[in-house]
Amino acid sequence: MNFQLTDDQRALRDAARTFARAEMVEVARECEAKNQPPSRAVKKRLAEMGFLGVNMPVAYGGMGLGNLEALLVLEEFAKIHPAVAFPVFESAVGPIKAVERFGTESLKRAILPKVVSGDVVVAIAMSEPDAGTALTDLKTRAVIKGGAIILNGMKRWSTGAGTADGYVVYCRIGEDKGAKGIGAVYVPAGVKGLSFGAREELMGFRGTTTADIFFENVELPADHLIVPEGGFPKLMEAFDLERCGNSTMCLGLAAGALEDALAYVQERSQFGKPIVDFQAVQLKIAEMAMKVEASRLLIHRAVMGAEHGFPSVADSSIAKCFANEMVREVTGAALQLMGGYGYSKAYPAEQRLRDAWGWGIAGGTIDIQKINIAAALVGRRFDQRR
Ligand SMILES: Cc1cc2nc3c(=O)[nH]c(=O)nc-3n(C[C@H](O)[C@H](O)[C@H](O)COP(=O)(O)OP(=O)(O)OC[C@H]3O[C@@H](n4cnc5c(N)ncnc54)[C@H](O)[C@@H]3O)c2cc1C
């Protein structure tokens, strides 16, 4: 078992780190202050640097590297701010992966190169008002008629709603109830019948947009069917990689918080000496570092098990669950170590804590991950309905 990154992996991570620190800090500050996603020019710049195509196949304009490489890059952006990491997240682990793996060739040719070039960011639309954890209760329906797909229904909480360039929409396609009737379609922004509700005000996640999405007789070409009914397990396979992306957003937030706190405790003096000289501070810093390192190892283990494919539900749920809890603890500890400065909006500690909380709800709650983990351990699913 080798825990070392290769020279190439280190070089890629360092390039992402140098770039993110040089060019993304100011962009992030603006995203946070104005609560606006990064501009198209920023996405084009990310594309120009190759950061939007790390694990995209070469045939579609990507670098064709593995998922680990993509997550190494993502962590460096997440250390700066989730808003600047989002375009990287969506291109590397987002629903575009379901298109890449299961979509029709014509759909892939139409959108994958545009993801790599920064022209298209694709969001995921699964949740509905009555289908959150009970996702298989979703009601949005696609009917395939002649050569077209007609979509009706609504979605809630989609990150990117109203500003993304396309949506992977989970919907009911067949007559079967529950998971069996679920598939997914691709809905490009701007199609007739697609509209959005008012923008949600969230606790964190500034620099991303969230809103209800409405589909009223949205007509799509047949090749926009990503997976037909019966394809829910495939969608969940792709989602196992997204869980590792969610975990990496947590890891970046926590690692960034640790880095800032470590610098702060060496600079800040009380009682005539740097506060790092107090043992209680040393213990806190050590605990934070242990949690960050353990989280990184769990994430890397999950993706290394399936470098170019999708990780297992057990590995990705363990990585996500640990990261979701870890980031709340580490960003909270960092804020505390920075005292009044931690609580001030002049520094990123409070933003990191606000953003940290959301990841243990997004992508399946912490408790539901634990149920997945227990199911994997005993080798059977637990029926939540009976
Ligand atoms: C920041 C953020 C970003 C998001 N981004 C997206 C997105 O891009 N696309 C998208 O489709 N959705 C997105 N979501 C929605 C997210 O997937 C749901 O919020 C999540 O699945 C939980 O659903 P819910 O909010 O309806 O809560 P509920 O399902 O109502 O759950 C409420 C509570 O009950 C608990 N609970 C429910 N059922 C069980 C059970 N069987 N056993 C034990 N506990 C249970 C949950 O753990 C939770 O604590 C996002 C949410 C957030 C907060």
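**View A. Helices α8 and α9 run roughly antiparallel to each other.** The model shown here and in the other views is predicted. Helix α8 covers residues 279-304 and helix α9 covers residues 313-337. Their axes come within 9 Å and cross at roughly 155 degrees. Angles over 145 degrees count as roughly antiparallel, which is why the pair is described in that way. The crossing of α8 and α9 is left-handed. On the α8 side, the contact is formed by V281, K284, M288, K291, V292, A294, S295, L298, I299, R301 and A302. These meet D315, S316, I318, A319, F322, A323, M326, E329, V330, A333, A334 and L337 of α9. By class, the residues of this α8 and α9 contact are 16 nonpolar, two polar and five charged.

**View B. Helix α1 packs against helix α3.** Helix α1 spans residues 7-34, and helix α3 spans residues 67-80. Their axes lie 8 Å apart, at an angle of about 30 degrees. Angles under 35 degrees count as roughly parallel, so α1 is roughly parallel to α3. The crossing of α1 with α3 is right-handed. From α1, the contact draws on Q9, L12, R13, A16, R17, A20, M24, V25 and A28. From α3, it draws on E69, L72, V73, E76, F77 and I80. The contact of α1 with α3 holds 10 nonpolar residues, one polar residue and four charged residues.

**View C. Domain 2 and domain 3 touch each other.** The domain assignment divides the protein into domain 1 (7-116), domain 2 (122-228) and domain 3 (233-378). Between the C-alpha centres of domain 2 and domain 3 the distance is 30 Å. Eight residues from domain 2 and nine residues from domain 3 make the contact. The side of domain 2 that touches domain 3 has six nonpolar, two polar and no charged residues.

Conventions. Residues numbered from 1 in each chain as written. Predicted model: local features only at pLDDT ≥ 70, side-chain atom pairs only at ≥ 80, totals over all residues. Axes fitted to C-alpha atoms, helices over the stretch in contact; angles between N-to-C directions. Helix = DSSP H or I, 4+ residues; strand = E, 2+ residues; numbered from the N terminus. Parallel < 35°, antiparallel > 145°, perpendicular 65-115°, else oblique. Left-handed = near helix turned anticlockwise from the far one by under 90°. Contact = placed C-beta atoms within 7 Å. Nonpolar A, V, L, I, M, F, W, Y, C, P; charged D, E, K, R; others polar. Domains from an automatic or database assignment.
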